Amino acid sequence: ATAPAPPALTAISRATDLRRDAIGWQEAQSLHAVRRQLITMVPAVASLHPDAGKELKAADDEAAPAFTAQVARLAVLDQVRRELPGSSAASAAADAAEQVRARLAEGVAVYDRLLAAASTMLASPDLGRSGPDVLGPAADALTAYADGLRTAAG
């Protein structure tokens with residue numbers, strides 16, 4: 001079975017949707033980074049265990065739209081804060097952005113946990129015969145052939 005192709009990076013929330021000084025900018029950057037790493041890890045996990053690779057991809061596919069929407073909401077709330085400074089709308093937008101930022105930070109933490117679990121899984125032994133089990137006998141056989149050729153040559 002071949003490993004599933006990694007999803008297109010367009011599915012990753014666009015961290016550039018937020019200005020550097022916007023509330024939630026750091027969390028948006030972190031989300032982008034952990035999702036990019038997770039997406040690149042899917043084929044390696046799938047090659048070790050196809051069902052685990054599918055589950056990893058499915059988890060990201062399900063969670064990503066909500067987090068992408070949170071980043072988009074942070075961008076809108078930032079715009080309100082910038083364009084209406086000192087207004088009650090700007091104050092409400094700042095409060096709302098802090099709430100969204102907190103939820104996004106929780107999501108990044110769970111993505112990080114998922115990425116850590118996938119990383120740990122990659123240390124698992126491959127199913128089937130190990131490298132030494134396959135290569136050791138072949139090395140022994142080649143040594144025996146060489147001994148046999150030396151003996152035959154006198």
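This is a predicted model: local features need pLDDT of at least 70, side-chain atom pairs count only at pLDDT 80 or more; totals for chains, interfaces and linings use all residues.

Modeller: Arg 81 has a relative accessible area of 27%, so it counts as partly exposed. Arg 81 lies in helix H2. Leaving aside residues up to four places away in sequence, Arg 81 touches Ala 22, Ile 23, Ala 90, Ala 93 and Ala 94. Ser 91 is 10 residues from Arg 81 along the chain, and the C-alpha atoms of the two are separated by 7.2 Å.

Helix H2 comprises residues 50–83. H2 has a kink of about 35° at Ala 64, shortly before the proline Pro 65.

The buried residues of H2 are Gly 53, Leu 56, Asp 60, Ala 64, Phe 67, Gln 70, Val 71, Leu 74, Ala 75, Leu 77 and Asp 78. An α-helix has 3.6 residues a turn, so residues three or four places apart point the same way. The cover over the buried residues of H2 includes H1 and H3.

The packing of H1 against H2 comes next. Two packed helices are described by the angle between their axes and the distance between the axes. For H1 and H2 the angle is about 165° and the axes are 8 Å apart. H1 is therefore roughly antiparallel to H2. The crossing in which H1 passes H2 is left-handed. On the H1 side, the residues that meet H2 include Arg 35, Leu 38, Ile 39 and Val 42. Their counterparts in H2 include Leu 56, Asp 60, Ala 64 and Phe 67.

H1 itself covers residues 25–48, and its 24 residues should span 34 Å at 1.5 Å a residue; the end C-alpha atoms are 35 Å apart, which agrees. H1 bends by about 35° at Met 41, with the proline Pro 43 following within four residues.

H1 also packs against helix H3, which holds residues 88–121. The axes of H1 and H3 come within 9 Å and cross at roughly 25°. The two helices are therefore roughly parallel to each other. H1 passes H3 in a left-handed crossing. Among the H1 residues that meet H3 are Leu 31, Val 34, Arg 35, Leu 38 and Met 41. On the H3 side, the residues include Leu 104, Val 108, Tyr 111 and Leu 115.

These helices belong to a chain with four helices and zero strands, whose elements run α-α-α-α from the N terminus on. Buried residues make up 27% of the 154 residues in the chain. Of the contacts between residues at least 6 apart in sequence, 73% join residues at least 24 apart.

Technical notes. Residues are numbered from 1 along each chain as its sequence is written. Side-chain values use heavy atoms; hydrogens and water are left out. The expected span of a helix is 1.5 Å times one less than its number of residues. The bend at a residue is the angle between axes fitted to the seven residues ending there and the seven starting there. Axes are lines fitted to C-alpha atoms, for helices over the stretch in contact, and angles run from 0 to 180 degrees between N-to-C directions. Angles under 35 degrees count as roughly parallel, over 145 as roughly antiparallel, 65 to 115 as roughly perpendicular and the rest as oblique. A crossing is left-handed if the near helix is turned anticlockwise from the far one by less than a right angle, and right-handed if clockwise. Contact means heavy atoms within 4.5 Å. Buried means under 20% relative accessible area, exposed over 50%, partly exposed in between (1.4 Å probe, protein chains only).
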